[in-house]
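Have a look first, then read on.

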Amino acid sequence: MPKNALGTCELCGRENAETTIHHLTPKEMGGTFKPASSLCLPCHKQIHALYTNEELAARLNTIPLLREDEKIGKFIKWIRKQPASRLIRTRKSRERKRRT
């Protein structure tokens with residue numbers, strides 16, 4: 001699969017969106033050969049803005065776990081209503097800024 005392709009986001013379900021590969025366990029945490037998913041750019045950016053790689057590896061390493069998390073759940077509910085062509089500005093969460 002190319003680095004960026006048009007497809008369906010496995011997290012929000014939007015179709016005909018530009019997608020990228022998201023390693024469910026970050027590569028730096030040993031996820032190079034573990035499962036990956038195809039996410040639209042806004043979802044992928046939002047995940048990395050909200051969570052550290054340690055959090056992703058420890059407790060959010062599947063699509064269902066990501067969907068169930070409250071922080072990204074609010075974003076998913078909102079982004080599903082946006083056209084697939086819309087790119088959004090993503091900022092690191094205040095909570096995450098304090099941790100890094």
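Rings of Phe, Tyr and Trp (its six-membered ring) pair if their centres lie within 6.5 Å; planes under 30 degrees apart count as stacked, over 60 as edge-to-face and the rest as tilted. This is a predicted model, where local features need pLDDT of at least 70 and side-chain atom pairs count only at pLDDT 80 or more, while totals for chains, interfaces and linings use all residues. Residues are numbered from 1 along each chain as its sequence is written, and side-chain values use heavy atoms, with hydrogens and water left out.

Q: How many aromatic pairs does a search of the whole structure find?
A: Searching the whole structure for aromatic pairs gives a count of 1. The rings belong to Phe-75 and Trp-78, with centres 6.0 Å apart. So the number found is 1 aromatic pair.

Q: Is the pair of Phe-75 and Trp-78 stacked, edge-to-face or tilted?
A: A pair of aromatic rings is described by the distance of the centres and the angle of the planes. For Phe-75 and Trp-78 the planes stand at 45°, so the pair is tilted.

Q: In which helix do Phe-75 and Trp-78 lie?
A: Helices here are DSSP runs (H or I, at least four residues), numbered from the N terminus. Phe-75 and Trp-78 are 3 residues apart, about one turn, and both lie in helix 4 (residues 70–79).

Q: Is Phe-75 buried or exposed?
A: Buried means under 20% relative accessible area, exposed over 50%, partly exposed in between (1.4 Å probe, protein chains only). Phe-75 has a relative accessible area of 10%, so Phe-75 is buried.

Note on methods. Helices (H or I, at least four residues) and strands (E, at least two) are DSSP runs, numbered from the N terminus.
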